[in-house]
Amino acid sequence: MAFAHDAPERGFRLSQLIYDTRYRSLTIQAVTMILVMLGVWWLIGNLLDNLNALGKTFDFGFLEQRAGYDIAQTLIPYSNDSTHARAALVGLLNTLWVSLLGCIAATVIGVVVGILRLSNNWLIARLMTVYVEAFRNVPVLLWILVALAVMTELTPSPSAYRGDDPAAQMLLFDSIAFTNRGTHIAAIEFTRGLGVINTPLAPISLNFVAFALVVIGSIWANRKLRAHAARVQEATGVRPTIWWKSLLILLGPAIFLLLALGITFSLPVLERFNFTGGLNVSNALVSLWLGLSLYTAAFIAEIVRAGILSVSSGQSEAAFALGLRPNRTMKLVVLPQALRVIVPPLISQFLNLTKNSSLAIAVGYMDLRGTLGGITMNQTGREIEAILLMMLIYLLISLSISGVMNLYNRSVKLKER
Amino acid sequence: MKRTVCLGALAITGLSAGFASATTLEDVKARGELNCGVNSGLVGFATPDANGNWVGFDVAICKAVAAAVLGDGSKVKYVPLSSQNRFTALSSGEVDILSRNTTWTFSRDVDLKLDFAGVNYYDGQGFMVRKDLGVTSAKELDGSTVCIQTGTTTELNLADYFKANGMEYQPVSVDTNAEGEQQFLAGACDSYTTDASGLAATRAAFANPDDYVILPEIISKEPLGPAVRHGDNEWGDIVRWTLNALIAAEEYGVTSTNVEELASSSENPEVRRLLGQEGDLGAMFGLDADWAKRAIMAGGNYGEIFAATIGESTPIGLARGLNAQWTQGGLLYAPPFR
């Protein structure tokens with residue numbers, strides 16, 4: 001009895017796309033992809049139709065037009081004769097500036113609070129718990145507004161500094177004045193300055209460049225000195241006393257340079273309405289910075305606490321057994337291991353802070369959202385272009401922050417060999 | 001960022017909703033409600049009263065249009081808008097009329113694709129300062145800090161004015177009039193600038209209005225008026241002629257109290273045409289004959305609205321000035337109804 005075995009059919013039937021598990025997932029993916037593309041195509045088509053119906057075009061020519069409005073806080077030269085593109089750049093730099101200051105402050109506060117929350121001191125640990133819970137459970141916009149209210153309500157108006165018996169006094173030899181509009185601080189000026197180089201983007205102060213070079217050089221020399229001390233210590237067992245050499249190397253050249261350039265201070269002076277001269281740190285910047293930093297620091301504190309708790313207590317017990325003091329245990333044993341847990345979520349907190357900085361308009365700080373996405377968009381009526389451009393810029397900022405932080409993460413993560 | 005995304009999404013989805021469909025008039029009739037964009041809070045012009053009902057000079061335009069189109073001045077949904085999001089709201093179809101003390105300018109009319117239905121208030125930009133500052137002229141404001149609403153014509157006028165006079169200033173940008181008021185009262189700025197009518201309205205809401213003065217300089221022309229989307233001319237005509245009807249009604253002495261009586265008794269052919277007794281003006285743009293009668297009955301003629309919301313007997317106390325009828329030396333001049 002012989003069965004004629006049919007050879008299994010090799011041909012491909014269309015029904016296999018649905019009934020054959022080997023192909024089904026591909027089919028589903030392809031169909032979903034087509035649907036998504038159709039959706040996007042419909043949205044874009046709809047947008048173009050409606051722009052047509054409105055008689056609007058899609059172009060970025062408005063960026064080259066005269067802006068016509070003034071901006072209170074500018075890091076680079078700007079006037080109302082500058083272009084909208086320049087205004088957007090001013091806003092972008094303001095965004096980056098407050099984000100940078102915010103990330104630094106949030107990290108410092110967050111690490112300190114995170115560590116203190118694990119403290120054995122009952123009062124300190126509970127206080128930090130209260131701080132964390134209060135800040136991370138209230139919207140950041142409210143904290144920014146609270147910061148602004150505190151800044152404006154607690155400080156005197158410029159007119160309080162006027163008169164024979166003024167209600168308010170400037171501090172530190174008339175070099176600082178707190179007002180309800182901003183903090184006016186004496187600015188550093190040089191009588192024998194090196195001048196500036198004018199570039200299209202911003203003028204570069206040669207004094208600053210020289211100072212930065214000297215400081216970098218000093219730090220480099222100091223590292224050499226410390227390396228030398230470490231070598232001596234390894235060879236002889238005795239670490240030479242170098243603190244005064246360090247101090248001399250770090251401060252000496254910088255002070256010498258400042259004196260050589262003829263450093264003076266230009267003090268803020270009260271004029272008809274406001275203080276002029278000196279540096280003006282606006283309350284808008286400070287309150288935005290405070291609000292963002294304190295809010296984000298609460299999240300960072302939790303991340304730091306989680307990171308520290310992820311290092312098993314056996315590690316610190318072993319370090320104590322070796323005779324390391326608590327702060328050295330933290331610095332040498334616990335934190336290096338905790339960092340690999342801390343850094344990835346820290347990146348997303350930095351991103352959050354940067355994106356939250358777009359709440360700046362609430363306190364009148366002109367960030368990217370205030371210039372390009374606010375006044376420029378409103379005056380030119382280019383909503384789609386301005387929003388797309390702004391989304392692109394925020395995307396690029398966020399990707400850059402992630403990129404840089406990922407590099408750092410690679411350097412601190414656990415090396416597996 | 002959240003709001004930005006909202007605006008973007010609004011622009012995109014709103015555009016899709018607003019234009020694929022029929023004309024604005026058909027939309028409004030089908031909806032049975034007029035969506036009217038108003039100021040988010042400017043006493044006298046648009047503000048909710050103690051019972052939450054919107055009242056004010058700009059609000060009255062919405063009511064008149066709703067009465068003309070829908071037969072009931074209360075069938076209005078008020079959408080409070082900031083100076084920043086008002087044009088997006090209009091062009092996206094979120095509102096049918098923008099009656100929000102908006103200045104008629106070339107670029108808004110042409111480039112932003114709006115159509116201004118006319119001028120309901122001839123205004124100009126002014127400055128308000130604390131009295132104890134001792135400032136008597138805007139020319140003395142060199143070096144001062146100025147609170148200013150972003151996204152307005154006043155922002156650009158301010159820059160031009162200080163530049164033309166060789167003066168410096170520090171702008172403090174605020175989003176809404178309420179925010180500006182708050183910053184100004186807190187002393188974050190020396191002066192507050194916006195349309196003079198807005199200054200008077202803002203000052204009227206202060207606890208001590210007498211501590212503040214409005215400087216005499218008017219630094220710009222600010223013809224304020226209701227705006228509609230460009231491209232729907234029929235709707236634009238309805239809003240334009242509703243406004244004209246209110247202005248003409250004052251000229252011919254038609255008030256909310258005597259309109260019924262005049263409709264039957266008036267011998268003036270212009271009044272008869274206006275009130276639908278002669279000709280068929282309403283049918284020409286898709287409304288019935290009584291449209292103007294209803295618009296006038298909703299809140300009175302232009303003069304009645306002015307007196308009830310911002311006139312000299314109200315806390316705001318604005319004089320008619322430029323906003324008097326042309327027969328009284330003002331600029332209000334309704335084209336003929338024929």
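User: What share of the 338 residues in chain B counts as buried?

Analyst: In this predicted model, for which local features need pLDDT of at least 70, side-chain atom pairs count only at pLDDT 80 or more, and totals for chains, interfaces and linings use all residues, the share for chain B is 55%. Residues are numbered from 1 along each chain as its sequence is written, while chains are lettered from A and ligands numbered from 1 in the order in which they are written. A residue is termed buried if 20 or more other C-beta atoms, placed from the backbone, lie within 10 Å of its own, exposed if 12 or fewer do, and partly exposed in between. For chain A, 30% of the 417 residues count as buried.

User: What makes the radius of gyration of chain B agree or disagree with that of a compact globule?

Analyst: The radius is taken over C-alpha atoms, and the globule rule is 2.2 Å times the number of residues to the power 0.38. For 338 residues a compact globule would have a radius near 20 Å; chain B has 20 Å, so the two agree. The C-alpha atoms of chain B fill a box of roughly 60 × 45 × 40 Å along the principal axes.

User: Why is chain A called more spread out than a compact globule?

Analyst: Chain A holds twelve helices and nine strands, these being DSSP runs (helices H or I, at least four residues; strands E, at least two) numbered from the N terminus. Its radius of gyration is 30 Å, well over the 22 Å that the rule gives for 417 residues, and chain A is therefore more spread out than such a globule. Along its principal axes, the C-alpha trace of chain A spans about 120 × 75 × 45 Å.

User: What makes S10 and S12 of chain B edge strands?

Analyst: Two strands pair if DSSP finds at least two bridges between them. Chain B has an open, mixed sheet of five strands in the order S10-S9-S11-S8-S12. Strands S10 (169-174) and S12 (212-214) of chain B each have a single partner strand, so one side of each lacks a neighbour in the sheet.

User: How do you know which strands S9(B) pairs with, and in which direction?

Analyst: Six bridges join S9(B) to S10(B), running parallel, with Val146(B) opposite Pro171(B). Three bridges join S9 (residues 144-149) to S11 (residues 191-195) of chain B, also parallel, and Ile148(B) has Thr193(B) as its bridge partner.
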